[in-house]
Amino acid sequence: MTPNQTAESQNCDENCSTCSSGYPQDAPKSAPKGLPPKAKIDVKHVILVLSGKGGVGKSTVSVNLAFALASHGKNVGLLDLDFHGPSIPKMLGIEDQRPAVLAHAIEPVHVTGNLAVMSMAFLLPDTSSPVIWRGPMKMGAIQQFLAEVNWGSLDYLVVDLPPGTGDEALTIAQLAPNVKGAVVVTTPQDVAVLDAVKAVKFIEKLELPVIGIIENMSGMICPHCKETIDLFSTGGGKKAAEDLGVPFLGAIPLDPEMVKAGDEGRPYILRHVDSPTWKAVNAVMENLVQQVES
Ligand SMILES: Nc1ncnc2c1ncn2[C@@H]1O[C@H](COP(=O)(O)OP(=O)(O)OP(=O)(O)O)[C@@H](O)[C@H]1O
Ligand SMILES: [Mg+2]
Ligand SMILES: [Zn+2]
């Protein structure tokens, strides 16, 4: 158990500034009284990406959705809020870059002309040594990421969150303006879908709209013939969406090229624009835009 977790298990009062939650343990995870003011950031749509379970592909989906939106001419920011395991810079091959820190602003790392990225990984001297983050520290960092980063004028800010139902989602929901809701990433298997249901309930507790469920690793693209193989049963995410009465945004197959792209730090889209996987990502993006903008 980390010191962080130990602190979390203690009871604390409303003004607690030392535990990792920063909130009373038994308080509902909805907006407490005396909300901090919304950060001043010029963004039309803030989209949270979360899941009930780790490793289902949130960061991969966040990266690819951000690219899909940017390739459709939107101004996009991609914000990595996984403080304990920031993976987006590595996936994009920009982990060695450092944002320029100006007098009153931090310049995000620009991946393309209309896609900028910010991650705690850029600000830590060494990503291999763990940092113990307490709730108020996280809140301060999130506030800075919103208000002090030179995002410019954004159409979309895609926010990649750590797995589970943590405080980062609550904090960003409170601090960011125009949070249009959250998408839930799941894999097709039953256990993962149960976790997706938990995530949907969590979003509802935060009083945010559920934009929809995305079923990732749904079927597999054969590396040889590029046909789809029904590896695990598919359709769990779709069924969960129907049962919960929330939109289903689409399915993205398990594509070995996607793993390679993530490991090698080169965006999948740059090499595979016409692949079935990229078409699936685009369809998900279009459904998301329709949910958010109509
Ligand atoms: N559609 C896909 N096809 C192939 N591999 C994928 C796909 N989606 C994700 N992956 C791979 O699965 C692994 C986990 O993905 P990722 O890091 O995006 O998950 P995550 O939900 O963000 O994990 P964490 O909970 O640790 O933040 C990575 O190696 C990634 O390349
Ligand atoms: Mg991740
Ligand atoms: Zn084949």
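By class, nine nonpolar, six polar and three charged residues make up the shell around ligand 1. The model is predicted: local features need pLDDT of at least 70, side-chain atom pairs count only at pLDDT 80 or more, and totals for chains, interfaces and linings use all residues. Residues are numbered from 1 along each chain as its sequence is written.

**Exercise 1.** Describe the surroundings of ligand 1.

Solution. 
- Step 1: 18 residues surround ligand 1, and the closest are Gly55, Lys58, Ser59, Thr60 and Pro253; a residue is near a molecule if one of its heavy atoms lies within 4 Å of it.
- Step 2: A backbone N or O atom of Ser59 is 2.9 Å from an oxygen atom of ligand 1.
- Step 3: A polar backbone atom of Asp255 lies 2.9 Å from a nitrogen atom of ligand 1.
- Step 4: Of the 630 Å² of accessible area that ligand 1 has on its own, the protein covers 80% (Shrake-Rupley method, 1.4 Å probe).

**Exercise 2.** Is Asn216 buried or exposed, and which residues does Asn216 touch?

Solution. 
- Step 1: Asn216 is buried, because its relative accessibility is 5% (buried means under 20% relative accessible area, exposed over 50%, partly exposed in between; 1.4 Å probe, protein chains only).
- Step 2: Not counting residues up to four places away in sequence, Asn216 touches residues including Val61, Thr187, Ile252 and Pro253 (contact means heavy atoms within 4.5 Å).
- Step 3: The Asn216 side chain reaches the backbone oxygen of Val56 at 2.8 Å.

Note on methods. Chains are lettered from A and ligands numbered from 1 in the order in which they are written. Side-chain values use heavy atoms; hydrogens and water are left out. A polar contact is a pair of N or O atoms within 3.5 Å; within protein, one must be able to donate a hydrogen and the other to accept it, and residues adjacent in sequence count only if both atoms are side-chain atoms. Ala, Val, Leu, Ile, Met, Phe, Trp, Tyr, Cys and Pro count as nonpolar, Asp, Glu, Lys and Arg as charged, and the others, Gly among them, as polar.
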